[in-house]
Amino acid sequence: MGRLLLRRLGGLATTLLLSSLVIFGSLYLAPGSPENVLFGSRMPAAAARAAARHRLHLDQPLPVRYWDWLTGVLHGDLGTSMVTGQPVADRIGAGLGTTLLLVLLTMLLVVVVGPALGLAAALLPGRVDAVVSSLTSVSVTVPPFVASTLLISVFAVRLGWFPASGLGDGLGGEIGGLVLPACAMAVLSCGFLGRVTRNAVREQVEREHVQTALVRGLPRLVVLRSHVLRNALAPIVTAVGLLTAGTFASTLVVESAFAVPGIGQLTIQSVAQKDFPVVQAVALLLVGAFVLCNAASDLVQAVVDPRLRETGSTS
Amino acid sequence: MNTRLLRAAVSGSAVVLLAAACGPGSTAQKAGTESNFSTAQVTTAPGTGKLTDLAWSGDYRAPYSEDPVKTADYPEETVLGNVCEPLIRVAADYSMHPGVAASWSQPDPKHVVLQLDPRARFSDGRPVTAEDVVYSLTRNLDPAVASNYADAYNDVDTVTATGPAQVTVALTKPDYIFVRNLGTLGAAVVEKAFAVKAGAGFGNAGTGVVCTGPYTVQSFDGTNQMVLKRNPDYWDPGHAGKADTVTFKFLADPSALANALSSGSLQGAFDLQTSTIAQLSKAAAGKLYIGGAGSTTQNVDLAVSSLTGGLADARTRQALSMAIDRAGIAKAIYAGAADPLYAVAGPGFWLHDPAASTYRAAYDQLSKAPDLAAATKLVQQAGAAGKQITLAYAAGTPSQAQLAQVLQQTGRAIGLDIKITGLPDQQYGSLFTDPKARAAYDGFLTINYLEFPEAATMYASFATASGVQNFNGYANPAVQAALDAAQATDDPAARAAQVLKAQAVLGQDLPWIPIVQPRALLFQSKAVTGAPLTFSYLDNSWVTAVGAP
C-alpha cells in the first residue's frame with residue numbers, strides 16, 4: 001500500500017513536470033505576445049515595447065524563463081500575472097474555492113444519483129430497467145452547456161427557485177447559486193455512471209457464485225453487499241475518478257453560462273492573453289486534479305480489492 | 001466551445017477611437033427591435049434616492065489596469081471614469097461642464113488655458129495642483145507610458161503650469177477640437193507623487209491609483225468583479241455618488257449577462273449584444289432601451305488596409321460600396337438594432353450638433369439603395385473582375401463572421417472574387433497595430449466608436465497623415481486641408497462645411513467603406529434610474545447620476 005502511494009506520488013510529480021513543460025512551450029510557440037495586451041490598441045514605441053518585455057522577462061530565452069518559473073514555483077511563488085500585475089495565487093485564490101465547491105457538489109450528485117439509477121435498473125429487470133435505460137441513454141447525450149440553458153430557463157427564469165446568475169451571500173447563498181450549475185454538469189455524468197453501474201452489477205448478479213449463494217438461501221442483502229457490490233465496485237470507482245477529472249474541465253463552460261465567479265473565466269482569458277504564469281498555474285491545477293482523481297480511484301480500488309495491493313500493479 | 005467566451009481581448013484601435021471587437025451576437029430575433037426612446041432623450045429619469053449597492057455590468061472582460069490611459073476599450077471606459085475623473089465633465093447630451101477644470105478658454109486657436117477648481121482634492125485628501133495636471137496630461141506624450149489616448153495629443157506642443165491653479169496647453173496648429181479630449185480618460189487627473197512612486201506598477205490591482213473621482217476602488221479580483229466605494233470626502237458634494245458601493249461584474253457570455261439582468265442580480269448594462277434583445281425586452285425586472293438611428297457613435301466599416309492590392313482601384317471600392325445591401329444587413333445580422341450607414345461619421349456624430357440640419361441634408365444625399373448593375377459595370381471598367389480580394393474579420397465575433405459572408409456574396413454578385421479569413425481575437429487585434437499583420441489582407445471589418453460626437457475627429461483618424469487608423473497610407477490634400485480647417489474653426493456651421501467637403505471626397509475615395517451603425521442597447525432595472533442613454537457614459541463619472549427612483 002505504502003509503495004503504491006509512493007509510486008503514485010512520483011507519477012504525479014513527473015506528470016506535472018512534463019505537462020508544465022508542454023504547456024509553457026506551446027504557449028511560447030503560439031502567435032501573439034502578452035505585452036500586446038498591455039499596449040491595447042496602440043502601436044508602442046520600440047523602446048517602450050522592449051522595456052515592457054524586459055520587465056516581464058519576455059526577452060529571455062525560453063529555457064531561462066521556464067527555469068525561473070520552475071524555481072519560483074518550487075519556492076512556493078506562483079509568480080505575478082503579466083496583465084494585471086497581481087500575484088497569481090491571489091488571482092486564482094479568488095475563484096478556486098468556488099470552483100472546488102462546484103465540483104464537489106456535482107460529484108456528490110453524481111455518486112448518489114448515478115449508482116442509484118444503475119442499481120435499480122440492474123436489480124429490477126423489466127419495466128424499471130427499461131425506463132432507467134432510456135433515461136440514461138438520453139442524459140448521456142446532454143452536454144453541460146445544453147443542460148445549462150435548459151435549467152436556467154426552467155428553474156431560474158420560469159420558476160425562480162435558484163439564481164440565474166452569480167452567487168448569493170455566505171456559504172448558503174454560494175451553494176444555492178451552485179445547485180443549477182452542478183445539476184447541469186451532473187446530468188451527463190449521472191447517466192454515464194448509471195449505465196456503468198447497471199452493467200457491472202448485472203454482470204456480477206449473473207455470476208455462478210452469486211447464483212449459488214442465492215440458491216443456498218443466503219439473505220439477498222448479504223449476497224448483494226459482499227458478492228455483487230464489492231466486485232462491481234471496480235469499474236464504478238474508475239468511472240467516478242474519470243468523471244471527477246472531467247468535471248474540472250466542464251466547469252469552464254458552465255461557470256461562464258451561470259456567471260459563477262470561479263476560475264473558468266480566468267482560465268479562458270489568460271490563455272487568450274498568453275498570461276504565462278496564470279495559464280501555467282491554472283493548467284497545472286487541472287492536470288493535478290486529473291492525476292489526483294485517477295490516483296485516488298486506484299487507491300480506493302486497492303482498498304476494495306486485496307489482489308491489487310499484493311501485486312502493486314494498478315494499471 | 002462557446003465562441004463568445006473568447007471575445008476580443010483587443011481594443012481595436014486607438015486614440016479615443018477604438019475598434020473594439022464587440023460584435024452583436026448571432027441569433028437574429030425579429031421582435032422587439034423598434035426604438036423605444038427618441039434621440040432627443042439623452043438620459044433615463046433622474047435618480048434621487050440613496051442606494052446601498054449598485055450592481056452594473058462592466059462589459060465583456062475585467063479592465064486590464066486601473067490606470068486611466070493604459071487601455072481604451074469598453075470595460076475601462078465604462079468603469080474608470082468614476083474613479084479617475086477627466087478634467088472636464090461631459091453631460092448626457094455631450095455638453096462639457098466644469099470638473100477639476102473649473103473653466104477653460106482658448107485665447108487663440110493654438111492655446112487652451114485651464115483654470116483649476118481650488119476645491120479639487122485627490123482621494124487621499126491632497127489638493128490637486130497644476131503640476132499634477134501637467135503630469136497627467138503629459139503622460140499621453142510619453143512613449144514609455146504608451147497611452148491609448150496618445151493620438152489625441154498629436155498636435156500638442158507643450159503642457160505647462162502657467163499659475164498655481166492654471167495650466168496652458170500649447171498646440172502646434174490651430175485646434176478647437178482638442179478641448180473635447182479633456183473630457184476623456186486621457187485627461188483624467190492622477191496624483192503625480194503616487195504615480196511616480198508606483199512606477200510600472202501604477203494601476204495594477206495591487207497598487208491601484210490615486211485620482212479625483214467620486215469613487216475609489218474597494219476591491220478588484222482581476223477577473224470577475226470590481227467594487228467601487230463612494231469617496232466620503234469627495235471634493236465636489238454637488239457631484240457625489242448616490243450609491244455607497246458600486247459592484248461591476250464582467251460577464252463574457254451575452255446570455256449569462258441577459259440572465260443576470262432579467263433576474264435582477266445586475267441592475268444595468270450598457271453596450272448590450274443584439275442576441276439579448278428577445279429575452280431582455282420581456283424582462284419584468286427592468287427596461288431594455290433601444291435607441292434610434294444615430295443613438296451611438298459606433299460604426300461598422302470595412303477598413304481598406306492596402307491601396308495596392310485587389311482594392312487598389314477606387315472604382316472597385318465604389319462598386320463594392322454601391323452593391324452592399326446595408327438595410328438588409330442591419331435587419332438580418334443585427335436583428336434590426338442597427339441602421340444602414342452611408343458615411344463613416346453618420347448621424348451618431350452630429351445629431352446633437354448645432355449644424356445637424358446641414359449634416360443631415362448631405363447625409364440624405366448619400367442614402368441609396370444597392371445597385372448591382374451599376375456596380376458590375378464599375379468592376380468591369382476597373383478591370384477587377386475575377387481579381388482576388390482578401391478580407392479579414394474577427395472569427396470570435398459572430399456578427400463579423402456573418403457580415404464577412406455577406407460581403408463575399410455581394411462581391412460574387414458583381415464579379416469580385418472575395419476571399420474571407422476569420423482571425424482569432426489576438427491576431428485580429430494586431431491588425432490595428434502591426435503593419436506586418438495586415439499586409440496579407442486588402443481590408444478588414446471593424447467596429448469603431450468615439451467617446452464624443454465629432455465627425456472631423458472620426459474622419460481624421462483614418463484619412464489624415466497623422467490618423468492612427470490610417471492603415472493604408474491614404475493621402476488626399478483636399479481631405480487633409482478640409483479636416484485641418486475643420487479643427488481650426490470653432491464655428492459649428494463653418495466646421496460642418498469643411499467636414500462635409502472631406503466627407504464628399506471620402507465617399508468617392510472610400511479608404512473605409514461604411515456599412516451599418518448599431519443602435520444603443522442598454523438595460524436598467526426598475527430599482528434604479530438615472531443612467532445616460534448616450535455614449536456619454538464612456539470615460540465619465542456617470543454612476544453619480546444613478547440612484548433610487
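Predicted model: local features only at pLDDT ≥ 70, side-chain atom pairs only at ≥ 80, totals over all residues.
Student: How many helices and strands are there in chain B?

Tutor: Chain B has 15 helices and 20 strands. Residues are numbered from 1 along each chain as its sequence is written, and chains are lettered from A and ligands numbered from 1 in the order written.

Student: What makes chain B as compact as a globular protein of that length?

Tutor: Set its radius of gyration against the globule rule. The rule is 2.2 Å times the number of residues to the power 0.38, and the radius is taken over C-alpha atoms. For 549 residues the rule gives 24 Å; chain B has 22 Å, which is close, so chain B counts as that compact. Its C-alpha atoms fill a box of roughly 70 × 55 × 40 Å along the principal axes.

Student: What share of chain B is called buried?

Tutor: Of its 549 residues, 63% are buried. The test is 20 or more other C-beta atoms within 10 Å of a residue's own; 12 or fewer is exposed, in between is partly exposed, and C-beta atoms are placed from the backbone.

Student: Which residues of H10(B) pass that test?

Tutor: Pro398(B), Ser399(B), Gln400(B), Leu403(B), Ala404(B), Leu407(B), Thr410(B) and Gly411(B) are buried. Their cover includes strand S14 (299–304), helix H6 (314–323) and strand S17 (417–423) of chain B.

Student: How do you know how the span of H10(B) compares with the expected one?

Tutor: Take 1.5 Å times one less than the number of residues. H10(B), residues 398–413, has 16 residues, so 22 Å is expected; first to last C-alpha it reaches 23 Å, which is close. After H10(B) comes Gly415(B), with a positive phi near 95°.

Student: How many residues does each chain give to the contact between chain A and chain B?

Tutor: Chain B gives 47 residues and chain A gives 44. Two residues are in contact if their C-beta atoms, placed from the backbone, lie within 7 Å. On the side of chain B, the largest share, 5 residues, comes from H11(B).

Student: What does UniProt place on chain A, and at which residues?

Tutor: The unreviewed UniProt entry places "domain: ABC transmembrane type-1" at residues 96–297 of chain A. That span is 84% helix and 0% strand.

Note on methods: Helix = DSSP H or I, 4+ residues; strand = E, 2+ residues; numbered from the N terminus. UniProt positions renumbered as here; feature names shortened; annotations may be inferred.
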